[in-house]
Amino acid sequence: MSKVYIFLADGFEDIEGLTVVDLMRRAGIDIETVSIKNSREITTSHNITMYTDRIFEGTDFSDADMLVLPGGMPGTKYLGEYAPLQELLRGFYEKGGKVAAICAAPSIFGSLGFLKNRKATAYPSFMGSLEGAEAVEDKVVVDGNVTTSRGLGTAIPFALSLIEQLLGKEKAEEIAESVVYS
C-alpha cells in the first residue's frame, strides 16, 4: 500500500489539503495528515478547526512514498519556515522521492532548489517564486519526481494526478468517475 504524508499548518487552504486526503483515501492510499505544530489541532484558512492524524515531531517518515504540501496563507508561510520539514523534504527529494505542492506551496520547492530546469506551476501571484523553473500555466505539472498545481480550482486534477502516479491511470479514472468529475 502506498504511504503519503500531507503537512498542515494553521492557515492552509481547506480544499487543497482535504481534497487530496479525501480522494487518496477513496483510492485506498494510506495518507496521513501531519501538523507541524506541537498540537494536532489546526485551523484552516477559512477558520475551520480540525485535528490531524499526527504531529511532525516524533513521526518516522521512512515509509513515505510521497510528501504533499497544500497552499493557502499563512499556511504556506508557516510550512516554508518550519526547518524540520525543510530538512525532511530536502532528504526525501535528493533520494528521488515524489514531492507535490499546490497553490502558493510550490514556492517552497523553488526556494529549496527542486525546480531548477523543470517545468512547474503555482497560484498566479506565486509564479515568480518558482526559482529556476520554466513557469507554465497548466493545471497540474509533473516533471520527474516533482508535481505542482495552481490552486483551489485545480485541487481535484492535482489529487487525481497524485493517485495516477501511485496507483495508475485506471485507478485515477475510477476515482474521478466515482466523484462525478469529468
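Keep in mind that the model is predicted.

Step back to α3 itself, residues 83-94. Its 12 residues should span 16 Å at 1.5 Å a residue, and the end C-alpha atoms are 16 Å apart, which agrees.

Now show the side chains of L85, Q86, L88, L89, F92 and Y93. These residues of α3 are buried. Look down the helix axis: the buried residues fall within an arc of 165°, so they line one face. An α-helix has 3.6 residues a turn, so residues three or four places apart point the same way. Turn to the other side of α3, where A83, E87 and E94 are exposed.

What covers the buried residues? Select β1 (3-8), β6, α2, β7 (98-102), α4 and β11 (146-149), which are among the covering elements.

Next, the aromatic rings. The model has 7 aromatic pairs. Pick F56 and Y82: the ring centres are 5.2 Å apart and the planes stand at 85°, so this pair is edge-to-face. F56 sits in the loop between β5 (54-55) and β6 (66-69), and Y82 in the loop between α2 (75-81) and α3, so the pair ties together parts 26 residues apart in sequence. F56 is buried at 9% relative accessible area. Y82 also counts as buried, at 19%.

Move to Y93 and F114. This pair is stacked, 3.9 Å centre to centre with 10° between the planes. Y93 belongs to α3, while F114 lies in the loop between α4 (106-112) and β8 (119-120), 21 residues apart. Both Y93 and F114 are buried.

Last stop: select Y5, F7, F56, F61 and Y82, which form one aromatic cluster.

Conventions. Residues are numbered from 1 along each chain as its sequence is written. This is a predicted model: local features need pLDDT of at least 70, side-chain atom pairs count only at pLDDT 80 or more; totals for chains, interfaces and linings use all residues. Side-chain values use heavy atoms; hydrogens and water are left out. Rings of Phe, Tyr and Trp (its six-membered ring) pair if their centres lie within 6.5 Å; planes under 30 degrees apart count as stacked, over 60 as edge-to-face and the rest as tilted. Helices (H or I, at least four residues) and strands (E, at least two) are DSSP runs, numbered from the N terminus. Buried means under 20% relative accessible area, exposed over 50%, partly exposed in between (1.4 Å probe, protein chains only). The expected span of a helix is 1.5 Å times one less than its number of residues. The arc is that of the directions from the helix axis to the C-beta atoms. Contact means heavy atoms within 4.5 Å.
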